[in-house]
Amino acid sequence: MQYKRVLLKLSGEALMGDRHYGIDPNRLKEYAKEIKEVTEKGIELAIVIGGGNIFRGVSGASNGMDRVQGDHMGMLATCINGLALQSALEDEGIYTRLQTAIQIKEIAEPYIKRKAIRHLEKGRVVIFGAGTGNPYFTTDTAAVLRAIEINADAILKGTRVDGIYNVDPEKDENAIKFETITFKDVISKGLKVMDMTAFTLSEENKLPIIVFDMNTSGNLLKLVSGKQIGTIVNH
Ligand code: GTP
């Protein structure tokens, strides 16, 4: 296996499947199966999931809501998704722990780095909820932060696009995909991989980012096995 410990970042929107809102149970089940394949190979897996399928702080703010209030709602949305994912993973027989950056102790463990690492070492999938616990930070930033804290080998950003292109592949059919690209080139070419806070945190800590299509069955396993899937951003 190419990787021993990885952090998988899933977007909340991905959980919607073909819906316009909320959680598609079939999509959740598919993801749980993909994740199971990887854990069966002994890969240590942590997950950060977004909350955009339920609430986005930024769009709340653009509609006149207080930004901090909106971000708090978004953080709670990630906890809802985390609980849903935990349930789906447990249905597949995977041991999991949900840790949250905001304390909701009756529902989930508080985030404690050392406990998270112990869970991973014991083969449990650790889901990190509530982002970084702070407003103005995205779940991408939370994902990079947690990945660094748990010493992950890479962050795997599951999206509906199969990598990073020179132009938006959903708008231009001549778009060219990169197999690898450096952090510097992403910035100099003006490409969007993550928000700047998340991206520079990753760069400064030499954490490779792999952008890949999570909706193609088998991709996650191929990726951790070292096959060329998606685009890797590295130094
Ligand atoms: P190890 O003892 O290190 O193997 O970890 P463990 O998670 O099995 O032990 P622990 O006694 O910490 O947890 C037992 C169960 O209680 C697990 O399902 C945890 O997720 C859960 N748990 C632990 N702390 C909390 C908490 O603060 N809140 C909630 N809701 N559950 C918790």
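**View 1. The structure, a predicted model, holds two aromatic pairs, one of them formed by Tyr 111 and Phe 128.** Rings of Phe, Tyr and Trp (its six-membered ring) count as a pair if their centres lie within 6.5 Å; planes under 30 degrees apart are stacked, over 60 edge-to-face, and the rest tilted. The rings of Tyr 111 and Phe 128 are edge-to-face, with 5.5 Å centre to centre and 80° between the planes. This pair links distant parts of the chain, 17 residues apart: Tyr 111 is in the loop between strand E4 (109-110) and helix H4 (113-121), and Phe 128 is in strand E5 (residues 125-129). Helices (H or I, at least four residues) and strands (E, at least two) are DSSP runs, numbered from the N terminus. Residues are numbered from 1 along each chain as its sequence is written. In this predicted model, local features need pLDDT of at least 70 and side-chain atom pairs count only at pLDDT 80 or more, while totals for chains, interfaces and linings use all residues; side-chain values use heavy atoms, without hydrogens and water.

**View 2. Burial of Tyr 111 and Phe 128, with Arg 146 over the face of Tyr 111.** Tyr 111 counts as buried because its relative accessibility is 18%; Phe 128 is buried as well, at 1%. Buried means under 20% relative accessible area, exposed over 50%, and partly exposed in between (1.4 Å probe, protein chains only). Arg 146 lies 3.5 Å from the ring centre of Tyr 111. The charged end of Arg 146 also sits over the ring of Phe 128, 5.8 Å from its centre. A charge sits over a ring if NZ of Lys or CZ of Arg is within 6 Å of the ring centre and within 35 degrees of the ring normal.

**View 3. Ile 49 in strand E2 (residues 44-49).** Ile 49 counts as buried, at 1% relative accessibility.
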